[in-house]
Amino acid sequence: MEHDGVDDRLAARLAELRAERGWSLGELADRSGVSRSTLSRAERAEISPTASLLNRLCAVYERTMSQLLSEVEAEPAQLVRAAEQSVWTDSASGFVRRSVSPPHAGLRGELVEGRLEPGADVAYDRPPVPGIEQHIWVLDGRLDVTVQGETHALGAGDCLRFRLWGPTRFRCVGERAVRYALVVVAR
């Protein structure tokens, strides 16, 4: 999903989520740690939110990033063709996220392909949903993942699995991009 209105639909959904809770921009800023002006600009689609910003909002709204992004897409089908998989890019961090198997009613798992450019470093200050289960399988390249204060150096073929309770960090440490599969299992 490139710029076919996804930013506008995402902005509208973020405003809708805040309105559903009856929160002011100030209340959301207090809960998320994101400035009111940034939140306002994101809700008006004046800026494209970064992965870190979306993660903070997902934590406040108690949903995964995939769940949030799936809410702004068309109704998901059982078969997800490669050409139909939504792609979201955080150009500020060099992170590209492909929703290979997006969340679907009645299914607990989802599959995401991540790609980080050389030197890319993405940190999340909290999990989108505390205790969520994740499996990271490196397909190509090298990735350092820090979970609960411990850094794991992963190479092609390595798999790291855990329940997420605190901050995480993903760093591409090689001289070429890293590609990995992320399996997220909802409770």
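At what angle do α2 and α4 pack, and how far apart are their axes? The angle is about 100 degrees, and the axes lie 9 Å apart. Angles of 65 to 115 degrees count as roughly perpendicular, so α2 and α4 are roughly perpendicular to each other. On the α2 side, the contact is made by L28, R31 and S32, while α4 brings R56, L57, V60 and Y61. Sorted by class, these residues divide into 4 nonpolar, 1 polar and 2 charged. Please keep in mind throughout that this is a predicted model.

Stay with α2 and turn to its other partner in this tour, α3. Helix α2 covers residues 25–32 and helix α3 covers residues 36–43; their axes come within 9 Å and cross at roughly 110 degrees. The two helices are therefore roughly perpendicular to each other, and their crossing is right-handed. Here L25, G26, L28, A29 and S32 in α2 meet R36, L39, S40 and E43 in α3. By class, this contact has 4 nonpolar, 3 polar and 2 charged residues.

Now go back to α4 and look at how it sits against α1. The axes of α1 (residues 6–21) and α4 (residues 51–61) come within 11 Å and cross at roughly 30 degrees. Because an angle under 35 degrees counts as roughly parallel, α1 is roughly parallel to α4. The crossing of this pair is left-handed. From α1, the contact draws on L10, L14, L17, R18 and R21, and from α4 on L54, L57 and Y61. Its residues divide into 6 nonpolar, no polar and 2 charged.

Finally, let's look for space inside. The structure holds 2 cavities of 30 Å³ or more, and the largest cavity has a volume of about 300 Å³. Which residues lie nearest the centre of the largest cavity? They are N55, M65, Y124, Q134 and L182, out of 21 residues that line it. Elements that each supply at least two residues of this lining include helix α5 (65–70) and the strands β2 (95–101), β3 (109–116), β5 (132–140), β9 (168–172) and β10 (178–185). By class, the lining has 12 nonpolar, 6 polar and 3 charged residues.

Terms used:
Residues are numbered from 1 along each chain as its sequence is written. This is a predicted model: local features need pLDDT of at least 70, side-chain atom pairs count only at pLDDT 80 or more; totals for chains, interfaces and linings use all residues. Side-chain values use heavy atoms; hydrogens and water are left out. On a 1 Å grid over the protein atoms alone, a cavity is a set of points where a 1.4 Å probe fits but cannot get out, and a pocket is an open set with protein on both sides within 12 Å along at least five of seven lines; lining residues have an atom within 4 Å of a point. Grid points are joined across faces, edges and corners, and a volume is the space filled by probe spheres set on the points. Helices (H or I, at least four residues) and strands (E, at least two) are DSSP runs, numbered from the N terminus. Ala, Val, Leu, Ile, Met, Phe, Trp, Tyr, Cys and Pro count as nonpolar, Asp, Glu, Lys and Arg as charged, and the others, Gly among them, as polar. Axes are lines fitted to C-alpha atoms, for helices over the stretch in contact, and angles run from 0 to 180 degrees between N-to-C directions. Angles under 35 degrees count as roughly parallel, over 145 as roughly antiparallel, 65 to 115 as roughly perpendicular and the rest as oblique. A crossing is left-handed if the near helix is turned anticlockwise from the far one by less than a right angle, and right-handed if clockwise. Contact means heavy atoms within 4.5 Å.
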